[in-house]
Amino acid sequence: MTRSGQEYLASLRDGREVWLDGERVADVTRHAAFRNTAASIARLYDLARDPRYASVLTADGAHRAFKVPRSYEDLVERRRAYKVWAESSFGFLGRTPDCMAGGAAGFAAAPELFTTDGFDGADNAVAYHRRLAEGDLYPTFTLTNPQIDRTKAASEQEEDDLVVRVVAEKDGGVVVRGAKMIGTAAVFGNEVIVGTIEPLAPQDVDHALCFSVPIDTPGLKFLSRTSYEGQARSVFDNPLSSRFDENDALLVCDDVFVPWERVLTYRNVDATFDMWWRTPAYVNFVHQAATRFWTKLEFLTGIAILLTKANNTYRLPPVTQAIGRLMGRVAQAKAFVLAAEASYEQVDGGRGGVMPGKEISFAQRIMAGELYPAAVQEIKALAGGGVIQLPASAEDLLHPELGPLVRKYIRSPGHPAEDRVKLLKLAWDALGSEFASRHEQYERFYHGAPHVYLMQQAWEGDTDSCEALARACLSGYALDERTPQR
Ligand SMILES: Cc1cc2nc3c(=O)[nH]c(=O)nc-3n(C[C@H](O)[C@H](O)[C@H](O)COP(=O)(O)OP(=O)(O)OC[C@H]3O[C@@H](n4cnc5c(N)ncnc54)[C@H](O)[C@@H]3O)c2cc1C
């Protein structure tokens, strides 16, 4: 049985060390910077027990994302589950519990990859997946080294402990010290997996480990960024940022003890990288993320349609064409999900497990990172100045003197002021607020940096077929064919 929202919220009251604005947060479920988002996540858990969605969201008593897919149909069913949760936040909660659940299922599909010369993490990887699924736990992840100096390896930074590394072995486990960026939603999770998804240099052996620990593990500190939820005036004024601010935090490991049974890879540069790329973990992430991205574009396109209808511009041909372009982008986002499923692959040595097709999944990162900023720009252009010319807060609408003025001047045919202000405030929260700007950065970077994934696409893509086709054309004519053909 999956957890209720209340059970999930209770699990967050565990003494975790979360910092915001120079103060330690006593309880994320009650703090004004976090509580609404925690409640939004709790609703996801309640949906999984709701008779209307339980059969879509769960399988074998756990969230469906924990299931290791064994067929195309399993992938389709998993995507249906992803879609229900994505729609619940209109695509604005990216790292919902189903994201890393898919990653854990990826480990369980190919545990032998965790068996290496110096350390055997296979049982721990299987146990990780089982522990999360059975406890319906919320797994989060920090897999990126802090930027500091991107031209240097982890072990060559100005100080030894800037990037998480092993500092000692003790009875029963290891002690780690250092930092990782960026723990999205980590403050709302039950466990954080700490690793590295990008290649490590051969000399980075001390930094080449992956482990997962409970969020309240002593020495684990989360330094939260600005809270958009905390800055929100009200749900009416900031309908998205007040409820779906999943937060991002710097993770600091201050001599954290990690028991051996929590270690998945240890002092092995290749295994620490391969666990994401040679198991289905990464493509499973993309399956969740691509479904959420498609949902978010549907939502933003819906905003564009409502905005242009409210401004009575919807039927102007250039505006209808812009809506058509956005609808084309929605179809493109959807097509990537369906195509990744249709091109599913067997997992290497995966005992019958399958995963979404790699080529399409990897390409989704390129499409989404480029498409999102373009779509936002397009909708902003349709919106004009109305999204700025708004009362500072709902208070003006309720004010005896100002309310009638707002009602008179901020309206359009068929749209009384309250409806129009409500819509425009939602649009600005989605498109132009600081929260919206973070989302643009998220869509560009959460999959990794373009300079990394573009290289990967070129190396791993089927460049031979493209080249062969171009060569076939070249070999079909020669220098002596100088006469134009009729
Ligand atoms: C909102 C948000 C949420 C995130 N959440 C998570 C999370 O939950 N967990 C997690 O593990 N990570 C998370 N990330 C981190 C994400 O994985 C990284 O942002 C991503 O891997 C890129 O790394 P970087 O930000 O350090 O950029 P960098 O690697 O520093 O790259 C930034 C830019 O610098 C230039 N550059 C840097 N190095 C090179 C080079 N060698 N060659 C050419 N150009 C270069 C490029 O222009 C590049 O676009 C998140 C990121 C964002 C923005």
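1. Ground rules. Residues are numbered from 1 along each chain as its sequence is written, and side-chain values use heavy atoms, with hydrogens and water left out. Because the model is predicted, local features need pLDDT of at least 70 and side-chain atom pairs count only at pLDDT 80 or more, while totals for chains, interfaces and linings use all residues.

2. The shell. The ligand is surrounded by 20 residues, each with a heavy atom within 4 Å of it. Arg 95, Leu 143, Arg 150, Ile 182 and Thr 184 are the closest. Sorted by class, the shell holds 8 nonpolar, 7 polar (Gly is counted here) and 5 charged residues.

3. Polar contacts (pairs of N or O atoms within 3.5 Å). A polar side-chain atom of Arg 95 sits 2.5 Å from a ligand oxygen. The backbone takes part too: a polar backbone atom of Leu 143 is 2.6 Å from an oxygen of the ligand, and a backbone N or O atom of Phe 141 is 3.0 Å from a ligand nitrogen. Of the 960 Å² that the ligand exposes when taken alone, the protein buries 71% (Shrake-Rupley method, 1.4 Å probe).

4. Where the shell comes from. Strand S5 (139-142) and helix H15 (434-445) each supply at least two shell residues, and H15 gives the largest share, with 4. Helices are DSSP runs of H or I with at least four residues, and strands are runs of E with at least two.

5. Strand S11. Leu 250 belongs to strand S11 (residues 249-259). This leucine, Leu 250, is partly exposed at 32% relative accessible area, where partly exposed lies between buried (under 20%) and exposed (over 50%).

Note on methods
A polar contact is a pair of N or O atoms within 3.5 Å; within protein, one must be able to donate a hydrogen and the other to accept it, and residues adjacent in sequence count only if both atoms are side-chain atoms. Buried means under 20% relative accessible area, exposed over 50%, partly exposed in between (1.4 Å probe, protein chains only).
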